[in-house]
Amino acid sequence: MFPLQSTFRGLTSCCISAFNNLNRNFHSSQQLGFKFNPILCAEPLKKKKRMDPQVLRERAEKKIRRLQRDIRRLEKVSRQFKPISELEVPRKAIRDSERHRPPAILTEAELKERAELKYLWAVYKRKQHLAEMAAIQQVSAAQERALDALQEVSQQLYEEALQPDPALIPFKMTGPVETPPIDDYDYPDGEFIDITKVYQPIVPSDPQKQRKLGLHKKK
């Protein structure tokens, strides 16, 4: 009886300790153990193949030769810039610019006659200017004397005489006017004509020249 009781007591203590261990091992927080991420699941890198240095050198030289060939082909075909219509000189102006009229050869008598005409014209214009200035001064002096006499007669008439006369120099002008915008105006869709110029490179029509320049179509 006593051995059996001690056996059951030992089993009970083992069950209790195991249950306590289970309660201690189960928890809701994240376990701090081993874990994996997508990087660890990636495929290992492939081993690079070692290439012969001679092959690499030949490839680089071939690329350089190809670039040099393209440069020579572009140098053969002169680069043409897009023309600007605003900066183009008309052909008529170019033709006229090439014409040079020879200077007239004047005799001594003609030179003397022209000098005398210039001198007489200068004298005439000086006299005309002096006459105009004298007439303006005479009119201004007469106007001042008339205003002084009018001021002595009546101050009211003097002040009215100083006012500008709009009918003295009539001026009339018609031009563009500014109209205020119309509220809730439905603007119509405008139409336009595309006049964009399209430029294409000049390609020779001879197949041999195209083949020489490398512009032929490869089959």
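Me: What makes up the accessible surface of the protein in this predicted model?
Reply: The surface comes to about 23,900 Å², and carbon and sulfur atoms hold 59% of that. Such areas come from the Shrake-Rupley method with a 1.4 Å probe; for residues, only the protein chains shown count as cover. Side-chain values use heavy atoms, leaving out hydrogens and water. As this is a predicted model, local features need pLDDT of at least 70, side-chain atom pairs count only at pLDDT 80 or more, and totals for chains, interfaces and linings use all residues.

Me: Why is valine 55 called partly exposed?
Reply: Its relative accessible area is 31%. Buried means under 20%, exposed over 50%, and partly exposed in between, so valine 55 belongs to the partly exposed class. Valine 55 sits in helix α2, residues 53-76; helices are DSSP runs (H or I, at least four residues), numbered from the N terminus.

Me: And why is arginine 66 called partly exposed?
Reply: Arginine 66 has a relative accessible area of 38%, so the label partly exposed applies here too. Helix α2 also holds arginine 66.

Me: How many of the 219 residues are buried, as a percentage?
Reply: Buried residues make up 1%.

Me: How many helices and strands does the protein have?
Reply: There are 6 helices and 0 strands.

Me: Which helix has the lowest mean pLDDT, and which the highest?
Reply: Helix α1 (residues 2-25) is lowest among the elements at 52, while helix α4 (residues 108-153) is highest at 94. pLDDT is the predictor's confidence in each residue, from 0 to 100. Where pLDDT is low, the predicted coordinates should not be read in detail.

How values were computed: Residues numbered from 1 in each chain as written. Helix = DSSP H or I, 4+ residues; strand = E, 2+ residues; numbered from the N terminus. Buried < 20%, exposed > 50% of the residue type's maximum accessible area, 1.4 Å probe, protein only.
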